[in-house]
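I opened my notebook to look up a few things in this model.

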Amino acid sequence: MVYHCPCGTAEEVALLRRSGGDAAAATADLPHMKPEQLFSDATLRSVSTLLQQLHPKEVIVSKPDPLSKLHVQAVHKLTEWIESDGFSVEAVGDRATASFVLDGLAGRSAAAHLLATYVSSLRQGGDVSVLSDAVFYDAHLSELPGAVKAEAAPARPALPAAASLLAWERRHDMGMVLDTNTISNLEVVANLQDGSEKHSLQLYLNHCATHSGRRLFRAWLLRPASTARVIEARQQCVQFLIDHHLSGALGSSSQGGESASPPTAGSQSAMSVASTPSDSLKRRRSGGGADLDGGDVLGQFQSLAGIDFERYLSRLADMKADAAAGVAFVDPMVRYNKDLSIILAFIQAAVDMVEWASVLAARVGALPHAAPPLLLELLGHLTGARASLQAIIALFDREEAERTGLLVPARGTAPDYDAAVERLRDLEQQLHGARRKAQADLFRGAEVSFANVGKDLFLFEVAAADAPSVTPRGLVERTRTGKSVRYIDNALAALIEAHKAATATKSAALLAVLRQVAARICDHCPTLYEACSALSYLDCLMNLSRLAQRWERWGMPRLVAAGPEGAAAAVIRGRALVHPLLQTGRDRPAVPNSVQLDGATGRVLVLTGPNMAGKSTLMRTVAVNVLLAQLGGPVCGEGLALAPVDRIFTRIGARDASHKGHSTLYVELSETAELLTHATRRSLCLVDELGRGTSTHDGMAIAYATLQALQGMDGGVAPLTIFSTHYHSIALEQARRGGAVAAPSGGAPARVQLGYMDFALTADAHAAASEEATPTVTFLYQLVTGVCDRSYGVEVARMAGIPERLVREASGLSAQLAQQTALHEDLHAVSALLQS
């Protein structure tokens, strides 16, 4: 994949180069451009998000042009940022390449040239042609304020509504955006504690049966669907699979094999795994056809889980590329055996895949209810590969290849192979003639055979009892054992060398034939790849449908219209939602909560409550269930009605980024800036305790200003927001204003709803008489309407094991500060009343 930046114009680049790389001179002529603004933090966070999505093995950048200080700074800053995210970076190219990249910012040729330089540096020049098929990501890496952006590529024409659902999804569904912070805060692929997959959504939800299905589901988690058509099509399939008990048609990852290495050609254990399903199906059919209402016919095909179709296809493409490039090997038969095992295993697995799809299609067709269009399209791609598969099977005798471990071409189809065979036959006749002559002349008619010892071939071997006491003239004794003696005949050296050369030629010819077969298989790659992709897609849908079996409370989400806010606004109405990770491994069941974010009840929820009461968990619960709904699966709760969300923003947790030189407050505010810049009425924003990394007054001012800005965004239609805070005066201010704020544009009021996480206070029986007694807080984890005017941090300190003496002292100080704050608020209210 090629990632390049089409920013900038020819005049700007020429001006940079005319300045000799002097940033000050360039800035003087372009006052809008400053060196430190070449890559803003927002832009670099976009790079981090892309890297999180693609997870590349290596990032290739151009070496900086020493004539341009600005280019040097840009490459250095970009490299530092990427490496701080844990990805390796390699700078390639010489000065000419760097200059080409700098001069070519307005086009794709720069990135293609950079990759071509990199491939050439690896001495793989023949692979440069594949760059023409690379996927280009149009994105702006340099954000120069006021700069004229390169003209965007023309939009592709929209597909008609009746077009293929899969084709429509690829073209029009750009997916819900989850940036790096959101992926981390929601623990999508790794937990926050140690960065491993343990307790992540990826590990908990992804139980796909096939290797490619697991990869696709991970991609879905990182980029859920965002259009109603795709979400609804997936939901229909998942509901159909649940209703008709087809969720286990492929099994799950706990049942499927984990090894991705191909079986060895001729291996009985390797081939038995691949051949069992097909043989089983033939036995069923020979007995009168598959009983679709009886035993689990689909269960016979669980060996599909052990085959990675996508990687096998890529290995077949490698064989074809090796054939085109004429790559040679020291021992062709080692490569031959490996490649033949891949071809045989792939064909057998493809046969099983098509047969599995045929059985499933027959079962679906026999049901009284019509199958969803997406399911029929997927099954059509799978069964549609039958014609290609039959053409592939006709290429050679598969049973003979499995039995002998060789794919022997028919006579006349491979001239090099035929010539090598004839040459070997002639050489072997000469060698056997020499053996018979030695048997008669040197060993008095005793039985003589050929033996090999290490690299020494065609040694004369005779029984020890028949060996002469003196080594015959012209021979050299090589080895002697109690049973036999072996001799080297130097007169045969030329014949033996010729035999080795002919054997190598034959092996190379066999490998060339095998590569030709791989190339013929690759001719059907589009059809085969569509089938394999359909299998992965169907595996993901079945994985989603199995969630209903794992959860006690689940419901299929329902898509709704946005309402009075406008057709493009998001809506969330969840009933009794629970975080999926809280469903298992707990002594008591998780407390469900209902959350409604819309124009009627309020698009912004200001959330208060004690520490540890579950505010952050509620935020994650809403976001994760929205993610599940837009994957197309069930939600962990009684139900969810939504208008799709296009992006989830999270400002949760407190952490610094010392490797980037960012403090905790800076990280908080940069994430908030990203939210305020890009959030729309279709976004979901989770803001947790903003402003706690600085002084109380500054933090409260920042939090209040951010809340006001969110309410007035996008023409007065605020993004769906859950805003938790311990600045209770902010929530009380919203309560005094009736929970509604007039939009600055004079439009409809942007309503704000107020809620807190419920709790109960119980006094200590021994300290009840004391005025300084600190009550015990019991968390109920239930969202209720209203405002909580205390955070009960002192009570949580007691629960955490802080010494009782310190707890009582802190409780007294907290009460004094609370009284002073209340007095100031009362004086402010009286002053405002007098002034009015």
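**Cysteines**

I started with Cys532. Its sulfur lies 8.7 Å from the closest cysteine sulfur, in Cys525, which is too far for a bond. I kept in mind that this is a predicted model. I then looked up the accessibility of Cys532. At 1% relative accessibility, Cys532 counts as buried.

Next I searched the whole structure for disulfides. The search found 0. Cys208 is in no disulfide either, and its nearest cysteine sulfur, that of Cys540, is 4.1 Å away. The cut-off for a disulfide is 2.5 Å between the sulfur atoms. Is Cys208 buried or exposed? Cys208 counts as buried, because its relative accessibility is 0%.

**Helix H16**

I moved on to helix H16, residues 386-393. Which residues are buried there? I noted Ser388, Leu389 and Ile392. They sit on the same side of H16, because they cover an arc of only 100° around the axis. I recalled a rule here. An α-helix has 3.6 residues a turn, so residues three or four places apart point the same way.

What do the buried residues of H16 pack against? I found H14, helix H19 (493-522) and helix H20 (525-545).

**The nonpolar core**

Last, I looked up the largest nonpolar core. It has 131 residues. Ile343, Trp356, Leu382 and Leu684 have the most contacts inside it. Helix H14 (residues 332-365) gives the largest share of this core, 17 residues. The core also draws at least three residues from each of domain 2 (298-411 + 517-550) and domain 4 (554-740 + 748-756).

Conventions
Residues are numbered from 1 along each chain as its sequence is written. This is a predicted model: local features need pLDDT of at least 70, side-chain atom pairs count only at pLDDT 80 or more; totals for chains, interfaces and linings use all residues. Side-chain values use heavy atoms; hydrogens and water are left out. A nonpolar core is a set of buried Ala, Val, Leu, Ile, Met, Phe, Trp, Tyr and Cys residues joined through side-chain atoms within 4.5 Å. Buried means under 20% relative accessible area, exposed over 50%, partly exposed in between (1.4 Å probe, protein chains only). Helices (H or I, at least four residues) and strands (E, at least two) are DSSP runs, numbered from the N terminus. Domain bounds come from an automatic or database domain assignment. The arc is that of the directions from the helix axis to the C-beta atoms. Contact means heavy atoms within 4.5 Å.
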